[in-house]
Amino acid sequence: MALIWDVVGAIRQCSRSACRQSAVATLTYVYAESTAVLGPLATFAEPHAYDLCSQHAESLTVPRGWEVLRLAMPTTPQEPGPDDLLALANAVREAASAPAETPARQGHAQMEPPVGTEGTRRGHLRILREPS
């Protein structure tokens, strides 16, 4: 199980530029309250949150007048539980049993040019002339 954690941890890197360390904390902001919240690494990467390594999490500074809420950080990385492994196995089974056709192509009929229009065909594109 430790091998799985190392692979998962390597996927999420620190958001700070030029830092290649694994992320251990997530930073979010509450602008209305001028507050920064630093807590354990979020389960999923969020577009408006920042994943930080331990060094950048410890040296975090915020603008003057802001408050930092530091949530309790786990002392050891959380090991994947049986529910996590079952969810992963179910996702793999579902992906393997999915039809080969992509969802973007399902249900779309081939488009035909409007009746009574003439045009020039170039590959899969057709140039339609304005009706006079």
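Predicted model: local features only at pLDDT ≥ 70, side-chain atom pairs only at ≥ 80, totals over all residues.
Residues are numbered from 1 along each chain as its sequence is written, and side-chain values use heavy atoms, with hydrogens and water left out.

What does Arg12 form a salt bridge with? The partner is Asp51, with the closest N and O atoms 2.8 Å apart; the criterion is a side-chain nitrogen of Lys or Arg within 4 Å of a carboxyl oxygen of Asp or Glu. The pair links distant parts of the chain, 39 residues apart: Asp51 sits in strand E3, Arg12 in the loop between helix H1 (2–11) and strand E1 (25–30). These elements are DSSP runs numbered from the N terminus, helices (H or I) having at least four residues and strands (E) at least two. Asp51 is buried too, at 9% relative accessible area. A search of the whole structure turns up 1 salt bridge.

Now for the strands, which count as paired if DSSP finds at least two bridges between them. E1 runs antiparallel to strand E2 (residues 35–40), joined by 6 bridges, and Val30 has Thr35 as its bridge partner in E2. The hairpin of E1 and E2 has 4 residues between the strands, and Ser34 takes a positive phi near 50° there. E1 also pairs with E3 in the antiparallel sense, over 3 bridges. In that pairing, Leu27 stands opposite Tyr50.

The structure holds 4 aromatic pairs, meaning rings of Phe, Tyr and Trp (its six-membered ring) with centres within 6.5 Å; planes under 30 degrees apart are stacked, over 60 edge-to-face and the rest tilted. Tyr29 and Tyr50 have ring centres 6.1 Å apart and planes at 75°, so the pair is edge-to-face. Since Tyr29 lies in strand E1 and Tyr50 in strand E3, the pair ties together parts 21 residues apart in sequence. Tyr29, Tyr31, Tyr50 and Trp66 form one aromatic cluster.

Are Tyr29 and Tyr50 buried or partly exposed? Tyr29 is partly exposed at 30% relative accessible area, and Tyr50 is partly exposed at 41%.

Technical notes: Buried < 20%, exposed > 50% of the residue type's maximum accessible area, 1.4 Å probe, protein only.
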